[in-house]
Amino acid sequence: MEASAKHLPRRVAHVAIRGYQLTLSGLVGRQCRHLPSCSDYTDEAIQRHGFWAGGWIGFARICRCGPFGTSGLDLVPETLPERSGWYKPWAYGRWRGVNAPAVTCEAVEPDGD
C-alpha cells in the first residue's frame with residue numbers, strides 16, 4: 001500500500017472535522033466542557049493513532065462530554081492502552097475520567113523579612 005493511500009482516511013477525517021469546526025460548530029456555539037475541544041481532541045487522536053484507534057478514542061471522548069460527563073483538561077494519550085486491539089475497539093477509548101497531567105503543589109515558605 002502506498003504511503004499516501006495509507007494516510008487517506010486520516011486526511012479525510014481531518015477535512016471533515018475542520019469543516020465541522022468552520023461551519024456547524026460556529027452555529028451551535030462552543031459547548032465543549034473540555035480543553036482541548038472534542039473536535040480538536042478527535043482530530044489529534046486520529047492523526048496520532050490512526051483512523052481506527054483514534055476514531056474510537058475520539059468517540060469515547062464525545063460520549064464523556066455531556067451535562068453529567070467529565071470536564072476540564074483532557075489530553076490525547078501518548079500511547080494506546082495495553083489491553084486494546086483492533087478486534088476490541090471499545091478498549092481504545094477512555095470512557096470515564098480525564099487524562100490530565102498530575103498537578104503537584106509545593107509548599108512555599110514565606111520570607112522572614
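Reader: Let's start with helix 2. Which elements do its buried residues pack against?
Author: Helix 3, helix 4 and helix 5 (51–64). Keep in mind that this is a predicted model.

Reader: Noted. Which residues of helix 2 are buried?
Author: Ala 13, Ile 17 and Gln 21. They cover an arc of only 75° around the axis, so they sit on the same side of helix 2.

Reader: And what does the face turned away from that buried side carry?
Author: Exposed residues: Val 12, Val 15 and Leu 22.

Reader: How does the end-to-end distance of helix 2 agree with its 15 residues?
Author: At 1.5 Å a residue, helix 2 should span 21 Å. Its end C-alpha atoms are 21 Å apart, which agrees.

Reader: Step back for a second. How many helices and strands are there?
Author: The protein has 5 helices and 2 strands. From the N terminus, the order is α-α-α-β-α-α-β.

Reader: How much of it is buried?
Author: Of the 113 residues, 31% count as buried.

Reader: And the contacts with a separation of 6 or more: what share comes from residues 24 or more positions apart?
Author: Those account for 70% of them.

Reader: On to helix 4. Which of its residues are buried?
Author: Cys 38, Ser 39, Tyr 41, Thr 42, Asp 43, Ala 45, Ile 46 and His 49. They pack against helix 2, strand 1 and helix 5.

Reader: What is its reach, first C-alpha to last?
Author: Helix 4 has 12 residues and reaches 16 Å, close to the 16 Å expected at 1.5 Å a residue.

Reader: What follows helix 4?
Author: Gly 50, with a positive phi near 95°. For context, most residues other than glycine have a negative phi.

Reader: Where does helix 5 keep its buried residues, seen down the axis?
Author: The buried set is Ala 53, Gly 54, Ile 57, Gly 58, Ala 60, Arg 61 and Arg 64. They fall within an arc of 155°, so they line one face of helix 5.

Reader: What covers them?
Author: The cover includes strand 1 (34–35) and helix 4.

Reader: How long is helix 5?
Author: It has 14 residues and reaches 20 Å from first C-alpha to last. That is close to the 20 Å expected at 1.5 Å a residue.

Reader: Strand 1, then. His 34 is in there. Buried or exposed?
Author: Buried, because its relative accessible area is 6% and the cut-off for buried is under 20%.

Reader: What does His 34 touch?
Author: Not counting residues up to four places away in sequence, it touches Arg 61, Arg 64, Cys 65, Thr 70, Ser 71, Gly 72, Asp 74 and Val 98.

Reader: How far is Gly 72 from Cys 32 in space?
Author: C-alpha to C-alpha, 9.6 Å, though the two are 40 residues apart in sequence.

Reader: And Gly 97? Where is its place?
Author: In the segment after strand 2 (72–73). Gly 97 is partly exposed, with a relative accessible area of 31%.

Reader: What is Gly 97 in contact with?
Author: Arg 64 and Thr 70, leaving aside neighbours within four places in sequence. The C-alpha atoms of Gly 97 and Gly 72 are 9.9 Å apart, at 25 residues along the chain.

Reader: Change of topic. Which residues does the cis peptide bond join?
Author: Leu 35 and Pro 36, with omega about 0°. Pro 36 lies in the loop between strand 1 and helix 4. As a general point, most peptide bonds are trans.

Reader: Which helices each supply at least two residues of the lining?
Author: Helix 2 (8–22), helix 3 (24–28) and helix 4 (38–49).

Reader: How does the lining divide into nonpolar, polar and charged?
Author: 7 nonpolar, 7 polar and 3 charged.

Terms used:
Residues numbered from 1 in each chain as written. Predicted model: local features only at pLDDT ≥ 70, side-chain atom pairs only at ≥ 80, totals over all residues. Heavy atoms only, no water. Helix = DSSP H or I, 4+ residues; strand = E, 2+ residues; numbered from the N terminus. Nonpolar A, V, L, I, M, F, W, Y, C, P; charged D, E, K, R; others polar. Expected span 1.5 Å × (residues − 1). Buried < 20%, exposed > 50% of the residue type's maximum accessible area, 1.4 Å probe, protein only. Arc of directions from axis to C-beta. Contact = heavy atoms within 4.5 Å.
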